[in-house]
Amino acid sequence: MKHIVSALLGSVRQYKKDSFLAPLFVGLEVVMECLLPLLMADVIDSMSGASMTPIVKDAVALLILALLSLLFGTMSGVTAATASTGFAKNLRQDLFFKVQDFAFLDIDRFSASSLVTRLTTDVTNVQNAYGIILRIAVRTPLMMIFAVAMSLTQSVRMSMIFIVMIPVALLALFGIIFKAMPIFRRIFRKYDALNNSVQENVSGIRVVKAFVREDHEIEKFHAASEDVRKDFTAAEKLIAMNFPTLSFFVYVAMMLISFFGALIIVNTKGSEFSTGELSALITYGMQILMSVMMLSMIFVMITMAAESAKRIVEVLDHEGSLESPENGITEVKDGSIVFDHVNFRYSNHGNEVLDDIELTIPSGKTVGIIGATGSSKSTFIQLIPRLYDVTGGKLLVGGTDVRDYDLKTLRDSVAVVLQKNVLFHGTIRDNMRWGKKDATDEEIIRVCRLAQADEFVQQFPDGYDTMIDRGGTNVSGGQKQRLCIARALLKHPKILILDDSTSAVDTRTDALIRKAFREEIPETTKIIIAQRTSSVEDADMIIVMDDGRIVERGTHEELMNRGGIYREIYDSQNSGSIGEEVM
Ligand SMILES: Nc1ncnc2c1ncn2[C@@H]1O[C@H](COP(=O)(O)OP(=O)(O)O)[C@@H](O)[C@H]1O
Ligand SMILES: [Mg+2]
């Protein structure tokens, strides 16, 4: 817990001043509020006198105190809001930076949607709790102490009534809360599930609609949301008991104070305390019991926020599983790749996804990879830019173990067009520059020509200034793939990897892209994962993967003559149109 608090407080930074001022103003507000009943008592007692002068004097003082109380209250509200929203902004930023440093493995571990929830809902919970701690958590105990002290100055005997009532009320209220807390905790976990389901569905809405699964999804969502409602109702019902319970204690206290107060006034003829002072005592009683209720509410808020805090600190504390080495090598000599008995598994208890891979690719060659889905093709190529680390053996790029390179250097030299690649919201030009910040227009046009994208981009009314919608939904699948290839080329990589990146491109254009690669970037090592044998048949080497192993390797001719899996795939794709002409 101590660690969680100190980890979070690291994000307060420039809002320290406001975080300090807010409780200070609250303290001043409490002082004013505790002085007010004293003046009121004076006003009441002066009523029986003949002159209006003391009443007017007291009224003016009362007004000033009330105004001051208003002023301090406002100031505390403003500073607490500044502090808590600023703190949340910093916290979100810190989390965001942290996540940027995460390796794929770390993202897998948390899941992307859980990270989103942590950056949004959880931060908001902590922000609210921080605002409350700054104000109410200071206000309440202070108010209790002041009010008890002030009533003690009025009458010790009467104060005993509150002093006895405070622990009794506390016990009752906290009894209710301790029953409600476990339910709240459970709600939080269910909320997570609900958020995940919303995120998954909204981002996959096109698929849901295409499969006409709206009803099914609505039903699923309804069940999850009903589940949360039930628990919420149960918890809120319990919490709702707090107010009536408190009211009961307030009335009992009022009754006791009035009864014993009246008794004392009558018996002592007002020598111990006056009617006005009795009214002040009643106000203090109210303030004290209200504080008790506030205290119990704060407790609820803080415990709930603690769950969120824990989840946030989990992310902040997480050591990225893949670090750039200190003084890493900052130059990749060439585009050669050596897999030296490489093994890989995604998690410690998972099975081997890559099994003893042995492969040497000389710089500048083109390698085609063919294999069924799930045969670990994507996994295989993700090791090269170190998106994941090998779990056995060694992987050399340019003759050096990838783990010895400065990570940025390595990833700048190895451009990957991932299978699930994305374009970002912005113009086509912005998206290209995302691959290389200072790319000139000529460079952008050159790579787009290479990737066979220039032609269709020029046909857009806005050309390179065409806006790409969020998620790249306003370009076709094939156009998106070509733009992603162009973006990767802009880095002038030593190694270019295309993971099924021309699947939505027609065969003719696909062939044109490969022709351009051959002619324009002959020194770059090219690795092409494809479904169609036509996409790889002109490669220097083709490897066939099956179940995490390389089962066949050779040129198109060699593999065709061998009559193995490759031949089988080729035949199945070319039956009917034998010898399909590809340029
Ligand atoms: N992020 C991941 N976490 C755990 N397992 C994964 C992950 N990505 C892929 N896998 C598993 O690794 C195996 C190979 O997947 P992948 O490399 O994507 O195959 P391919 O690209 O050939 O279709 C599959 O069994 C898949 O379920
Ligand atoms: Mg794949």
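These questions and answers walk through the helix packing, the sheets and the ligand shell of a predicted model.

Q: Which helix gives the most to the shell around ligand 1?
A: Let's start with the residues around ligand 1, which include Lys377, Ser378 and Thr379. Helix H11 spans residues 377-382. With three residues, the top contributor to the shell is helix H11.

Q: How many residues of the shell around ligand 1 are nonpolar, polar and charged?
A: Around ligand 1 stand Asp108, Tyr346, Val353, Gly371, Thr373, Gly374, Ser375, Ser376, Lys377, Ser378 and Thr379. Tyr and Val count as nonpolar, Asp and Lys as charged, and Gly as polar. The shell therefore divides into two nonpolar, seven polar and two charged residues.

Q: Are H9 and H10 roughly parallel or roughly antiparallel to each other?
A: Helix H9 covers residues 242-268 and helix H10 residues 275-317, and they pack with their axes 10 Å apart. The angle between them is about 160°. Angles over 145 degrees count as roughly antiparallel. H9 and H10 are therefore roughly antiparallel.

Q: How many nonpolar, polar and charged residues has the contact of H9 with H10?
A: On the H9 side, the contact includes Leu246, Phe249, Val250 and Ile257. From H10 come residues including Leu278, Leu281, Ile282 and Met286. By class, the contact of H9 with H10 has 13 nonpolar, five polar and no charged residues.

Q: What is the handedness of the crossing of H6 and H9?
A: Helix H6 takes in residues 156-203, and its axis comes within 10 Å of that of H9. The two cross at roughly 170°, which makes H6 roughly antiparallel to H9. The crossing of H6 and H9 is right-handed.

Q: How many charged residues has the contact of H6 with H9?
A: H6 brings residues such as Ile161, Phe162, Met165 and Leu173 to this contact. Among the H9 residues they meet are Leu246, Phe249, Leu256 and Phe260. The contact has 14 nonpolar and three polar residues, and the number of charged ones is none: no charged residues.

Q: How many charged residues has the contact of H3 with H5?
A: Helix H3 (residues 53-100) and helix H5 (residues 112-154) pack at about 155°, with axes 9 Å apart. That makes H3 roughly antiparallel to H5. By class, their contact has 15 nonpolar and five polar residues, and the charged ones number three.

Q: Which strands stand at the edges of the open sheet of four strands?
A: The order in this sheet is E2-E1-E4-E5, with antiparallel pairing. The edge strands each have a single partner strand, so one side of each is left without a neighbour in the sheet. These are strand E2 (354-361) and strand E5 (400-401).

Q: Which residue of E4 is the bridge partner of Asn343?
A: Strand E1 (residues 337-344) is joined to E2 by five bridges, with Phe339 opposite Leu359 in E2. E1 also pairs with E4 in the antiparallel sense over five bridges. Within E4, the bridge partner of Asn343 is Gly392.

Q: Which residue of E5 is the bridge partner of Leu396?
A: Strand E4 takes in residues 392-397. Two bridges join E4 to E5, and the strands run antiparallel. In E5, the partner of Leu396 is Asp401.

Q: Which strands stand at the edges of the open sheet of six strands?
A: The order here is E6-E9-E10-E3-E11-E12, and the pairing is mixed. The twist averages 15° from one strand to the next. With a single partner strand each, the edge strands are E6 (414-417) and E12 (549-554).

Q: Which helix lies across E6 and E9?
A: E6 runs parallel to strand E9 (residues 495-499), and four bridges join them. Val416 stands opposite Ile497 in E9. The helix across this pair covers residues 477-489 and runs at about 175° to E6. The helix is H16.

Q: Which residue in the turn of the hairpin of E11 and E12 has a positive phi?
A: Strand E11 (residues 541-546) pairs with E12 in the antiparallel sense over five bridges, and Asp546 has Arg549 as its bridge partner. Two residues lie between the strands of this hairpin. The residue with a positive phi, about 50°, is Asp547.

Conventions. Residues numbered from 1 in each chain as written. Chains lettered and ligands numbered in written order. Predicted model: local features only at pLDDT ≥ 70, side-chain atom pairs only at ≥ 80, totals over all residues. Pairing = 2+ DSSP bridges. Near = placed C-beta within 6 Å. Axes fitted to C-alpha atoms, helices over the stretch in contact; angles between N-to-C directions. Parallel < 35°, antiparallel > 145°, perpendicular 65-115°, else oblique. Contact = placed C-beta atoms within 7 Å. Left-handed = near helix turned anticlockwise from the far one by under 90°.
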